[in-house]
Amino acid sequence: TFQATVNQVPAGTAIEVHSEITAQNIPTAQSNTVVTTVLGPTISVAKAGPATAGLGGDIMYTVTFSNPSAVPVTGVVINDPIPADTTYVLNSMMLNGVPVTDDPGDDEAEYTGTAVIASLGSPLAAFGTGTFSFHVTAPAVMPALRYVSNYAQMDCNETQPVTSASVATYITDLLVGLSADKVVAAPGEVIVYTVTANNVGGSTQ
């Protein structure tokens, strides 16, 4: 047996190997050829947000980015445009659970006025993952389609950019909530539930 280490080559490169045996007075014999395809970096990005939000309410978006391949990727950038009809909440970004500022150059994130961007300062490890979140304020006036949509894009040096599926948040006039007066209860105890309704749109229909 023998071993060989794969060099840095383009993804999809086929490594073809065969062996031969020679002996005196015997024709050279050649083995079959074995083919190994070199895997390349793969990146993935997903977006999450609330299903509904009230007029003027808070919307939190969370981007989960990952490197599901066996090699690190460098120069990772997450670009997330601020949705139309919403207002970015200043200094609301968090990268991997740590607050980051809106100003460019002082950390790994910035707010450009139209988008929030996270630029990782170190490689994203093989099978590594991370999160990037921020808040926007929902429109104060009902948008024409009653929905706010958002997506995120991930790029790196080693492969093509990828885009998440779009997340749609339905903007509603009426919000409803439910609370209970106990988080634990013994048999025979009474639990009081309270339903709250809030007409944030002012409609009387």
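User: Strands here are DSSP runs of E, at least two residues, and helices are runs of H or I, at least four, both numbered from the N terminus. Where is the place of Val192?

Analyst: This is a predicted model, where local features need pLDDT of at least 70, side-chain atom pairs need 80 or more, and totals for chains, interfaces and linings use all residues. Numbering runs from 1 along each chain as its sequence is written, and side-chain values use heavy atoms, without hydrogens or water. Val192 sits in the loop between β19 (174-180) and β20 (193-199).

User: What does Val192 touch, leaving aside its neighbours within four places in sequence?

Analyst: Val192 is in contact (heavy atoms within 4.5 Å) with Ser179, Ala180 and Asp181.

User: How far is Val192 from Val73?

Analyst: Their C-alpha atoms are 53 Å apart, and 119 residues of chain separate Val192 from Val73.

User: Switching to Ala138. Which loop is that in?

Analyst: Ala138 belongs to the loop that runs between β14 (129-137) and β15 (147-150).

User: Buried or exposed?

Analyst: Ala138 has a relative accessible area of 4%, so it is buried.

User: How far is Ala138 from Gln153?

Analyst: Ala138 and Gln153 are 15 residues apart along the chain, and their C-alpha atoms are separated by 22 Å.

User: OK, whole chain. How many helices and strands?

Analyst: The protein chain has 0 helices and 20 strands. The chain is more spread out than a compact globule, because its radius of gyration is 27 Å while the globule rule gives 17 Å for 205 residues. That radius is taken over C-alpha atoms, and the rule is 2.2 Å times the number of residues to the power 0.38.

User: What does the C-alpha trace span along its principal axes?

Analyst: About 100 × 55 × 35 Å.

User: How much of the chain counts as buried?

Analyst: Of the 205 residues in the protein chain, 27% are buried. Ala138 is a buried residue.

User: And what share of the contacts joins residues 24 or more positions apart?

Analyst: Such pairs make up 62% of the contacts in the protein chain with a separation of 6 or more.

Definitions and conventions. Buried < 20%, exposed > 50% of the residue type's maximum accessible area, 1.4 Å probe, protein only.
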